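Trainee: I've just opened this one and I'm new to it. Could we go through it together, question by question?

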Amino acid sequence: RLTRLARLVRLLRAFPELLIMVKAIVISMKTVVYALVLLLLMIYVFSIAFTQMMDGRNQEPGSAAYDNFRSVPISMNTLLLQGAVPDQAGLVDLLGAESFVYYGLFLIYLLIASLTLMNMLIGILCEVIGVVSAVEKEQLMLQNVKDSLQGMMEDLGMDSNHYSIISRPQFERLLIEPRAARTLQEVGVDPIGLVDFTDYIFPPGTEELSFSDFMEVMLELRGTNTATVKDIVNLRKLILSEVAEGKQSSNR
C-alpha cells in the first residue's frame with residue numbers, strides 16, 4: 001500500500017496540473033458540501049409538496065403518483081435521481097435494490113465525478129478559452145497599431161531603414177499627426193502625455209530606437225497597466241538621481 005501511495009505521489013509531481021486540480025477539489029470541498037446540503041433541502045421541501053398534492057399513497061399501484069410520490073423518502077429519491085442524475089437513475093435504483101450501501105456509494109461517486117469534476121472541467125475550458133481569446137485580441141490589436149504607425153511613417157516620408165528604426169524627430173512628428181494619436185488611444189496610450197515622456201522614451205544619448213523596442217515602451221505607458229515592484233524601484237532610482245543632480249547643481 002505504501003508503494004502504491006508513493007507511486008501516486010510521483011504521478012502527481014510529474015503532472016503539476018493534476019496536482020493543482022486535486023488541491024482545488026480539496027479546497028472547494030467545503031463549498032461543495034454546502035451546495036449539496038442546499039440541494040437536499042430543496043429536494044426535501046419539494047418532495048413534501050409533491051407527496052401532499054399528488055396523494056400517491058391513496059392512488060392505485062402502478063400509477064406515477066403511487067410509484068414515485070407515495071411517501072416523502074420515495075419522493076426525495078425520485079427528485080434526486082430524475083432531477084440531478086437522470087441518465088444514471090436506472091442503475092442507481094438497481095444498486096439500491098441490492099443494498100443501501102451500494103446506493104449511497106454510487107451516489108457519492110456521481111456527485112464527485114459527474115457534478116464536481118465535470119463542472120470543474122467546463123470552468124477550466126471556459127477560463128482557457130477566455131485567456132487565449134484575450135491574448136489573441138491583444139496581439140491582433142498590437143499588430144494593427146504597428147502596421148498603422150508604419151503606414152503613417154511611409155505616408156510622411158519617414159523611410160529610415162525600412163521602418164525598422166524610429167528616431168526622436170520622427171516620433172515628435174508622429175505626435176502631431178491626428179491619425180497617430182487615434183491609433184495610440186486604441187491601445188490605451190495617452191498621446192498628450194507622451195509629449196512629457198519623450199525624454200523617458202529617448203533618454204540622453206539615445207536618438208533612435210528599434211520599432212520593436214519602441215512598441216514595448218508604448219505598451220509600458222498604457223494607462224490600464226498596473227504598477228509593479230519594478231516600477232516602484234525605477235521610480236525610486238529616478239528620484240534619487242534627480243535629487244543627486246539637484247545637489248550637484250546647487251553646490252556649483
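Trainee: Is Arg70 buried, partly exposed or exposed?
Mentor: Keep in mind that this is a predicted model. Arg70 sits in the loop between helix H3 (64-69) and helix H4 (72-84). Its relative accessibility is 27%.

Trainee: Which residues does Arg70 touch, not counting residues up to four places away in sequence?
Mentor: Start with Thr51, which is 19 residues from Arg70 in sequence, yet the C-alpha atoms are 6.1 Å apart. Thr51 does turn up among the contacts of Arg70.

Trainee: What about Asp55, where is its place?
Mentor: Asp55 has a phi near 50°, which is positive in a residue other than glycine. Most residues other than glycine have a negative phi. At 33% relative accessibility, Asp55 counts as partly exposed. As for its place, look in the loop between helix H2 (16-54) and H3.

Trainee: Is Thr78 buried or exposed?
Mentor: Thr78 belongs to helix H4. Leaving aside neighbours within four places in sequence, Thr78 is in contact with Asn68, Phe69 and Gly83. The relative accessible area of Thr78 is 13%. The cut-off is under 20%, so Thr78 is buried.

Trainee: How are H5 and H6 oriented, roughly parallel or roughly antiparallel?
Mentor: Helix H5 (residues 89-98) and helix H6 (residues 100-155) have axes that come within 5 Å and cross at roughly 150°. Angles over 145 degrees count as roughly antiparallel. So H5, relative to H6, is roughly antiparallel.

Trainee: How many residues of the contact of H5 with H6 are nonpolar?
Mentor: On the H5 side you have Leu91, Val92, Leu95, Gly96 and Glu98, and they meet Phe100, Tyr102, Tyr103, Phe106, Leu107 and Leu110 in H6. Sort the residues of this contact by class, and there is 1 polar and 1 charged. The nonpolar count is 9.

Trainee: Zooming out, what radius of gyration does the protein chain have?
Mentor: The C-alpha trace spans about 105 × 50 × 35 Å along its principal axes. A compact globule of 252 residues would come out near 18 Å, but the radius of gyration of the protein chain is 33 Å.

Trainee: And what share of the residues of the protein chain count as buried?
Mentor: The chain has 12 helices and 2 strands, in the pattern α-α-α-α-α-α-β-α-α-α-α-β-α-α along the sequence. Among contacts between residues at least 6 apart in sequence, 52% join residues at least 24 apart. Of the 252 residues, the buried share is 23%.

Terms used
Residues are numbered from 1 along each chain as its sequence is written. This is a predicted model: local features need pLDDT of at least 70, side-chain atom pairs count only at pLDDT 80 or more; totals for chains, interfaces and linings use all residues. Side-chain values use heavy atoms; hydrogens and water are left out. Axes are lines fitted to C-alpha atoms, for helices over the stretch in contact, and angles run from 0 to 180 degrees between N-to-C directions. Helices (H or I, at least four residues) and strands (E, at least two) are DSSP runs, numbered from the N terminus. Angles under 35 degrees count as roughly parallel, over 145 as roughly antiparallel, 65 to 115 as roughly perpendicular and the rest as oblique. Contact means heavy atoms within 4.5 Å. Ala, Val, Leu, Ile, Met, Phe, Trp, Tyr, Cys and Pro count as nonpolar, Asp, Glu, Lys and Arg as charged, and the others, Gly among them, as polar. Buried means under 20% relative accessible area, exposed over 50%, partly exposed in between (1.4 Å probe, protein chains only). The radius of gyration is taken over C-alpha atoms; the globule rule is 2.2 Å times the number of residues to the power 0.38.
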